[in-house]
Amino acid sequence: MANSMVDDMRRVREENPFESMMERFDRAAQKLDLNPDLYAVMRVPNRELKVYIPVRMDSGRMEVFEGFRVQHNFARGPAKGGIRYSPDVNIDEVRALAAWMTWKCAVVNVPFGGGKGGVICDPSQMSLGELERLTRRYAAELIDFIGPEKDVPAPDMNTNEQTMAWIMDTFSMHARHTVNAVVTGKPVELGGSRGRREATGRGILFVINEAIKRFKMTPPNTRVAVQGSGNVGGIGARLLHDAGYKVVAISDIFGGIYNPAGIDIPAALAHLQATRSFEEFPGVERVSNQELLELDCDVLAPCATENQITSENSNRIKCRILAEGANGPTTAGADEILHENGVFVIPDILANAGGVTVSYFEWVQNRMGYYWREDVVNERLQDIMVASFNDVAKYAETHAVDTRTAAYMLAIDRVAYDTRMRGIYA
Ligand code: NAD
């Protein structure tokens, strides 16, 4: 077979999210010497639903969309995870993301399993009315399978607090009373949690604060490069800047800006908001997204999208700490190289778990009917992120493994313990 074809096949395999997740799962399960029965049960999802969603389009024509919901594991509580709308979402991707949610919730020790949903559609080509009808019918199809005690969806790619409000309303109309704990990521006025919007970025700040202590660094002498400037990257960069870190680079999908002396992040984000681009922002060098990853910095925070650090470029990554804000920014093929090069990885299932942690707080507040002040939310988030970081770091030391394997081992160990205690209903 021609070399380029072999390379292409390796890359496709390396970039398949399900393969990446399974490779890490298998590595951790092996290290844990996981009981074969538990292994057989935990490596597959509990349930996968496929639904067909008829929607009356504005033109009067009927279109039928395909949707999924994967409920990966319920051992520790209801399934939890986002719903994404995208033309190329597929069951493999949703299955991988659902499993990731199981491990993420277990790493931060919140009482949820993992779930994920997706609808194959192109929201950029749909009107608000079409999106509302699609969302309501999708929610109606899932009605027997979701609920505060069963499965609690949240926003993900191309879905937002409006989508959650529609799902909450549809579910409530069928229940004949308001059930706001059926989804998280709702508007604050409808039972959303204060601090949810910033939670993922804030969680990243908390784990980076812990990581730099290990290298005897302090924020002013820590140079951070952030890929992405959306909910995770933009808010993360601003919070890091406010905490005294020297943020030397930031990007959006079109490219990034770099200044080794540090960037005025609030000004750069205001410029981005005003002009929809970092172009023309003064006093910085322009870099591509690939160049940004390879900059000389202390902390690299990929907060944009998956498969950014691969077996191809991982040898050129210069940071001491890699804080994975995005889901799956590093492929399994890059793990070993980063480990050999001494990069301290704060893996995605830990680093970006601030979002699901505050989603858990939202669900708790909905069930209590009592809402917390933002400083209370942030303080409780800090407690969980710091404790989880230390749990993973300690696990890595005790078992002499890298931090990603440690995070998976800790998560699998927790899910396995609960599964064993409950017993497998076979
Ligand atoms: P977002 O849409 O708000 O922002 C994404 C950012 O990445 C934007 O700046 C965009 O320009 C940039 N980007 C998109 N595609 C890119 C590409 N191919 N190359 C370079 N930059 C690109 O999304 P978000 O909510 O910030 O999520 C970012 C990542 O974090 C995703 O992987 C998401 O799954 C993960 N995540 C998000 C949350 C959350 O609470 N929002 C929680 C956990 C994980």
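## Who surrounds the ligand

Sorted by class, the shell around the ligand holds 10 polar, 5 nonpolar and 2 charged residues. Keep in mind that you're looking at a predicted model. That makes 17 residues around the ligand, and the closest include T200, S229 and I253. V232 and N327 also belong to that closest group.

Which part of T200 lies 2.7 Å from an oxygen atom of the ligand? For T200, it's a polar side-chain atom. S229 and I253 use their backbones instead: a backbone N or O atom of S229 sits 2.9 Å from a ligand oxygen, and for I253 a backbone N or O atom is 2.8 Å from an oxygen atom of the ligand.

How much of the ligand does the protein bury? On its own, the ligand would expose 830 Å², and the protein buries 69% of that area.

## A look at A351

Now for A351, a residue in helix α12, which runs over residues 348-351. Is A351 buried or exposed? A351 has a relative accessible area of 0%, and because buried means under 20%, A351 counts as buried.

What does A351 touch, once you skip residues up to four places away in sequence? The list is T200, G203, I204, V207, A323, E324, I346 and M385.

Technical notes:
Residues numbered from 1 in each chain as written. Predicted model: local features only at pLDDT ≥ 70, side-chain atom pairs only at ≥ 80, totals over all residues. Heavy atoms only, no water. Near = heavy atom within 4 Å. Polar contact = N/O pair within 3.5 Å; in protein donor to acceptor, adjacent residues only side chain to side chain. Areas by Shrake-Rupley, 256 points an atom, 1.4 Å probe, with all protein chains shown as cover. Nonpolar A, V, L, I, M, F, W, Y, C, P; charged D, E, K, R; others polar. Helix = DSSP H or I, 4+ residues; strand = E, 2+ residues; numbered from the N terminus. Buried < 20%, exposed > 50% of the residue type's maximum accessible area, 1.4 Å probe, protein only. Contact = heavy atoms within 4.5 Å.
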